[in-house]
Amino acid sequence: MNRDRVSSEGPRRLKVAYVVSRFPKVTETFVLDEILELERQGIDVEVFPLLRHRDPVEHPGAREIASRAHYRPFLSGSVLAAVGHFLLRRPRVALSTWGTVLARTLRSPNFFLGALGILPKTARFALEMERAGVDHIHAHFANHPALAAFVIHRLTGIPYSFTAHGSDLHVDQTALGLKLERAAFAVTVCSSNRDFVIERVGPELGRKVDVLHCGVDPRLHEPGERAGNGKLRILCVAALRGVKGHRFLVEACRLLAERGVAFTCEFAGNGPLAEELRARIRRAGLDGKVVLLGPLSRGEVIERMKAATVVVQPSAPDRQGRREGIPVALMEAMSAGLPVVTSRLSGIPELVEDGVSGILTEPGDPRGIADALERLASSPELRARLGRGGREKVCAEFDLRRNVRVLAQRFRPRKLPRLGVD
């Protein structure tokens, strides 16, 4: 197959395959937005999810991408035929690749079992990408998607890269060096994550890692008029998981109520901690003041932000070591001109400068959150100033179109030998 052929209408469009854990996932708008923006910039994207995912709501554009995504079972006749194809055509590469993956993941039960599950499917993905003329593979998340991209690269020679976000990197670094050795490049969503990678793999491999922020489209989140006084309307947009720190915001709300601050607080999102949070809200006597909205579509989130006074993201590491990269919900809120209160954690200070584009508190500090919210409740001027600063920061450094353009340039083929097939 000649990947460099030119049609009568000019060079063909670059074709990129995205390997993701689950698709479409309502809490991972950054993946969907990146794919849609790449296509707007003239790149064809094929999506290869390791698992099919169904959420009760979906964002605009997700259905069309999902309708053409390459969903495949873990085992089927076509999957086994793809395994046989590579065993016949490239037996040494196939066997050494699969053996290396299993050997390098053996010390981590989660990684090892996951690798066993996805290896047959990756052969099917490899065959489909090869036949489709894919030019580059990009994986979102440094764990199993990056491992799948590594395997596909070894079977086909197609270059690959991956993005590391947060928990996918911090909890378990099994085979991280292996994935970086063969990658064309890797990106992290914040500098603190890049430093984390370099500490684990050393400076030599660390040179392959760049920082590229996720982004939002500022046109979708235009600032609006905000009420000068009255009840403080707090909004938190995040999956109901421990790493998001909702329990600290519930306690901060209890403190606000004790202090006589008039407020409402809405949690937009779903997750395994929903019932626990309802119980916390009830015990704190906050029924009616703190409300769980469940999962919302992007349009619904935008409408809630228009009515909000402040967005809070009380992130904190959980017991397994999971932690945030930079929450996209904060970028959306700041783009909309809302003041934000969030944690001095991981890459968040790269987005939020304390006192300039938001207020930073220590992770797990409900009193600090309550103090920040009380300040904002009493000062429309502070809210307006932080909102302007946040909008300026997002437009300057977290613009989706600009950041995707940088990524797209990295996808374009270089005149280097393919190293995958040997």
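**Helix contacts in a predicted model**

Tutor: In this predicted model, the axes of helix H1 and helix H18 (residues 400-411) come within 10 Å and cross at roughly 75 degrees.

Student: Why is H1 called roughly perpendicular to H18?

Tutor: Angles from 65 to 115 degrees count as roughly perpendicular, and the axes of H1 and H18 cross at roughly 75 degrees, so H1 is roughly perpendicular to H18.

Student: Which residues make the contact of H1 with H18?

Tutor: On the H1 side they are Asp-33, Glu-34, Glu-37, Leu-38 and Arg-40, and on the H18 side they are Leu-400, Arg-401, Val-404, Leu-407, Ala-408 and Phe-411; by class, six are nonpolar, five are charged and none is polar.

Student: What makes H4 and H6 roughly antiparallel?

Tutor: The axes of helix H4 (residues 91-105) and helix H6 (residues 144-156) come within 9 Å and cross at roughly 160 degrees; since angles over 145 degrees count as roughly antiparallel, H4 and H6 are therefore given that description. The residues in contact include Trp-98 and Val-101 of H4 together with Phe-150 and Arg-154 of H6, and the contact divides into eight nonpolar residues, three polar and one charged.

Student: How do you know that the buried residues of H13 line one face of the helix?

Tutor: In helix H13 (residues 298-307), the residues Arg-298, Val-301, Ile-302 and Met-305 are buried, and buried here means under 20% relative accessible area. Seen down the axis of H13, these buried residues fall within an arc of 100 degrees, so they line one face of the helix.

Student: What do the buried residues of H13 pack against?

Tutor: They pack against helix H1 (29-40), strand E9 (232-237) and helix H14 (328-335).

Terms used
Residues numbered from 1 in each chain as written. Predicted model: local features only at pLDDT ≥ 70, side-chain atom pairs only at ≥ 80, totals over all residues. Heavy atoms only, no water. Axes fitted to C-alpha atoms, helices over the stretch in contact; angles between N-to-C directions. Helix = DSSP H or I, 4+ residues; strand = E, 2+ residues; numbered from the N terminus. Parallel < 35°, antiparallel > 145°, perpendicular 65-115°, else oblique. Contact = heavy atoms within 4.5 Å. Nonpolar A, V, L, I, M, F, W, Y, C, P; charged D, E, K, R; others polar. Buried < 20%, exposed > 50% of the residue type's maximum accessible area, 1.4 Å probe, protein only. Arc of directions from axis to C-beta.
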